[in-house]
Amino acid sequence: MSRLPISEELIAEANARAADALEDEYASLGRKLERSGIAIDAIKDKVAGFSVAVPSWGAGRGGTRFAKFPIAGEPTTIHEKLEDCAVINQLSRLTPRVSPHFPWDKVSDYKALREEAASLGLGFDAVNSNTFQDQKDQAHSYSTGSLSSTIEATRQQAVEHNIECIEIGKQLGSTDLTVWVGDGTNFPGQQDLGRSLDRYLDAASQVYAALPDDWRMLLEHKMFEPAFYSTVISDWGSSILAAQELGPKAKCLVDLGHHAPNVNIEQIVARLHRFGKLGGFHFNDSKYGDDDLDSGSINPHQLFLVFNELVEAELAPRDGFKPSYMIDQSHNVTDPIESMLSSAEAIGSCYAKALLVDREALHLAQEANDTMMAFQALRRAYNVDVGPILAKARVEAGGAADVLGVYRESRWRDRKAQERKAVGLGAGIV
Ligand SMILES: [Mn+2]
């Protein structure tokens, strides 16, 4: 039985107040797009079919490496996190899946957890393993590495943890295992750069061997942090080489914030797709070397250019192109629900804008080396305010025209502050 968290009457009343303005703006945009030969309803239907997963850990207030500042009513258990994720999806209708992280989200009964999620209108996305921090009562420390550790027993422990994540994921209905390791070094000479990769590949192949036929292993690279001199899977080059060596079920996952500053990430997307290795995407934004700001908050144009490549990939799929999209952010100064509502809107908007690109005009200009017209084909789409398309798709699916307005009106966080136990002043999770 469905038990969606926000009152449906509240949403309906707010949508009724916004209906005239939305119809007017949607009709006006429809006429504008019609003049370019674009049917607005077709774009709206594509947007309605688009979704991005939210991470269970994103529902809580994150932190920097130094501290976190909890807010009243923050979720502390996977059950409370699911409730908050259900709010995001109920209002936005863009985030129907949650990506869990183990052992953070461990429970005794995963069948029950799957049913609980389903009753909130949610499913589960990729499962994430965690070998970048030690857990209580853990036999071997990951302080000097996990899948690439020089210590065989530590590598074995990391392999077994990943296989346990697959077993949990099978019960939750997941079909992807995302593997990011914090393995790396802080000093030149600390580890042999070649042999550490050998050890990683050997251990990762044992995880790969445990994948069910319909599963994928998504390798997430990160240039630095927590290791600051070298990381084992540092860039898309290391990632695709590892994925190619592991086999067809191994794909690369691109996190927008895990590159050197100013790297051309849209080109990486195109490259990985060219070789059938683009498996997933983590959305966030960054200004310096960070990777946790809200999607589209700093550089929405880059997000659009990434989606331009993803839409190109959709139109020319290779090797069963089925990217797993997830928001991966840390919310330090906002209500996490509000950040993810805003981020889902930013991500959906860039997808919609990429759909508006006149591909024929773009490709013709590219072939003719007409640089300005090729650029203008992108610029025209980027400049369109697609807000009414997203709002219309949301409202038709039962979501809210004004997601943040209805969320605030619901007083969800205030109400949860009365019910939930307070969060401690823990260390930050990056
Ligand atoms: Mn990530």
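1. The model is a predicted one, in which local features need pLDDT of at least 70 and side-chain atom pairs count only at pLDDT 80 or more, while totals for chains, interfaces and linings use all residues. Residues are numbered from 1 along each chain as its sequence is written.

2. Helix 1, residues 8–34, has 27 residues, yet its end C-alpha atoms are only 34 Å apart, short of the 39 Å that a straight helix would reach at 1.5 Å a residue (the expected span being 1.5 Å times one less than the number of residues; helices are DSSP runs of H or I with at least four residues, strands are runs of E with at least two, and both are numbered from the N terminus). At Ala19, helix 1 bends by about 50 degrees, the bend being the angle between axes fitted to the seven residues ending there and the seven starting there.

3. Strand 10, residues 278–283, is largely enclosed by the rest of the structure, because 6 of its 6 residues are buried (20 or more other C-beta atoms, placed from the backbone, lie within 10 Å of the residue's own; 12 or fewer make it exposed, and values in between partly exposed). In helix 1, Ile11, Ala14 and Leu29 are buried.

4. Strand 10 pairs in the parallel sense with strand 9, residues 250–255, over 4 bridges, and in the parallel sense with strand 11, residues 324–327, over 4 bridges, where pairing requires that DSSP finds at least two bridges between the strands. Gly280 of strand 10 is the bridge partner of Leu253, and Phe281 stands opposite Tyr325 in strand 11.
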